[in-house]
Amino acid sequence: MHRSSRIRLRGLRRVVVLLASGSLGLSIAFTGVAPSARAGDGAHVVCRWTDQRLGEVSGIALSGVHLGVAWVHNDSGGGPYLYAMDTTTCVVRARVRISNIDARDIEGIASGVDASGRHVLWVGDVGDNRDSWPSVRIHVVVEPAVLKNESVTARTYQFTYLDGPHNAETVLAVPTKPQLWVVTKQLAAGGIYPLPVPLVSQSVMQLPRIAPAGGLITDGAISPDGTKYVLRDYVWAYVFDGLPPGRQITRITLPQQPQGEAITWTADGQGLLTAGERDNALWFVPIPTDAPASSSPPTSSSAIVTPTPNALSVGGGIGKPFAFAVAAIAALAVVGLATRWLRR
């Protein structure tokens, strides 16, 4: 993608965030319905980084090998680089270059294991701002045993979605087995798509949609014990019991960030770590102590529950005509801006 086009697309994405936030505020004001989200009491900045290489942090995954380390990457255009960040000091302890990929639009990362049981990083080159790529890619690299600046190679799997191309920014991986999902990012509502087990490298895999997801989902992660997962948008984090699609058990207000696009769990599973573009802070967000306890992962389709509304709606207010009107106006404005910018 040409640099000018990439700049326009980044600008468009920021307009989407502003419009979504505006829609939320107007919906609350005119419907008189307050959000049902739990307040993120106790949220605080863990550390701030000064490393200029971390200009647009868009994904984060807790290391499966190194205690107190999370792997982060920048947004599209940031190159095929992964950074090992100390989760106490925000110091970058290593930069890893994936030498055999071109990093078209890396938007998500997850840690897990491969079919051989090795700890790996699943790197999602899944961004598709125009919903136009015939296929997108998951790259898998073995997580380095020693933290140092180095180059590694990845194995690549290609896939698309049975219902057509989508933009996505979220890769979910079970920490203890090679099981993956991609969550797409649409303005009104995205979807959850499982990758096949085992993965197929000889052809383009076709992913079915198994459940809806909220709109503007920017990242997610499965808990270290594999019993819960979280999805985030620009305003809230949604915690689910079980593996996808799971059952939503709580919703947490996230710290205000210019463009929050990254989330993972703490090693003990009691809290979340968040980061974002145009912000140099790593935040800790506690899970409410009164949130329902986890149960076994769902075993039948009867356990599927549609996620609650996202930043374009408010708790209990989604059915209000005015809220719909506001969201529709915001969507039309985004479409108009997109058309103008992409034709330049």
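Which residues does Asn167 touch, not counting residues up to four places away in sequence? The list reads Val126, Gly127, Asp128, Asn129, Asp131, Thr184, Lys185 and Gln186, where contact means heavy atoms within 4.5 Å. Asn167 sits in the loop between β10 (155–161) and β11. Strands here are DSSP runs of E with at least two residues, and helices are runs of H or I with at least four residues, numbered from the N terminus. With a relative accessible area of 8%, Asn167 is buried; buried means under 20% relative accessible area, exposed over 50%, and partly exposed in between, using a 1.4 Å probe and protein chains only. The side chain of Asn167 also reaches the backbone nitrogen of Asp128 at 2.7 Å.

A word on the model itself. This is a predicted model, in which local features need pLDDT of at least 70 and side-chain atom pairs count only at pLDDT 80 or more, while totals for chains, interfaces and linings use all residues. Residues are numbered from 1 along each chain as its sequence is written, and side-chain values use heavy atoms, with hydrogens and water left out. The predictor's confidence in each residue, pLDDT, runs from 0 to 100. For the protein chain the mean pLDDT is 81, and 72% of the residues reach 70 or more. Over residues 1–9 the pLDDT stays under 50, and the model has 10 contacts beyond four places in sequence for them. Residues 295–344 also have pLDDT below 50, with 90 contacts in the model beyond near neighbours in sequence. Where pLDDT is low, the predicted coordinates should not be read in detail.

Back to the strands, starting with β12. Strand β12 covers residues 180–184, and five of its five residues are buried. Leu180, Val182 and Thr184 point one way from β12, Trp181 and Val183 point the other way, and all are buried. On one hand there is strand β11 (residues 168–173), which pairs with β12 in the antiparallel sense over five bridges; two strands pair if DSSP finds at least two bridges between them. In this pairing Thr170 stands opposite Val183, and the two strands form a hairpin with six residues between them. On the other hand there is strand β13 (residues 189–194), antiparallel to β12 over three bridges. Here Val182 has Tyr193 as its bridge partner, and a hairpin of four residues joins β12 to β13.

A search of the whole structure finds three aromatic pairs. Rings of Phe, Tyr and Trp (its six-membered ring) pair if their centres lie within 6.5 Å; planes under 30 degrees apart count as stacked, over 60 as edge-to-face and the rest as tilted. Phe159 and Tyr161 make an edge-to-face pair, 5.7 Å centre to centre with 85° between the planes. Phe159 counts as buried at 0% relative accessibility, and Tyr161 is buried with a relative accessible area of 4%. The rings of Tyr229 and Phe240 are stacked, because their centres are 4.6 Å apart and their planes are at 5°. Tyr229 lies in strand β17 (residues 228–232) and Phe240 in strand β18 (residues 236–241), so this pair ties together parts that are 11 residues apart in sequence. Both Tyr229 and Phe240 are buried. As for Tyr193, it forms one aromatic cluster with Phe159 and Tyr161.

Another part of the picture is an open sheet of four strands in the order β1-β22-β21-β20, with antiparallel pairing. Its edge strands are β1 (44–48) and β20 (259–265), each pairing on one side only. Within the sheet, four bridges join β21 (residues 271–277) to β22 (residues 281–286), and Gly271 has Pro286 in β22 as its bridge partner.

The loop between β20 and β21 holds Thr266, which is buried with a relative accessible area of 13%. The Thr266 side chain makes a polar contact with the side chain of Asp268 (2.7 Å). A polar contact is a pair of N or O atoms within 3.5 Å; within protein, one must be able to donate a hydrogen and the other to accept it, and residues adjacent in sequence count only if both atoms are side-chain atoms. Leaving aside neighbours within four places in sequence, Thr266 is in contact with Leu62, Pro224, Gly271, Leu272, Leu273 and Phe284.
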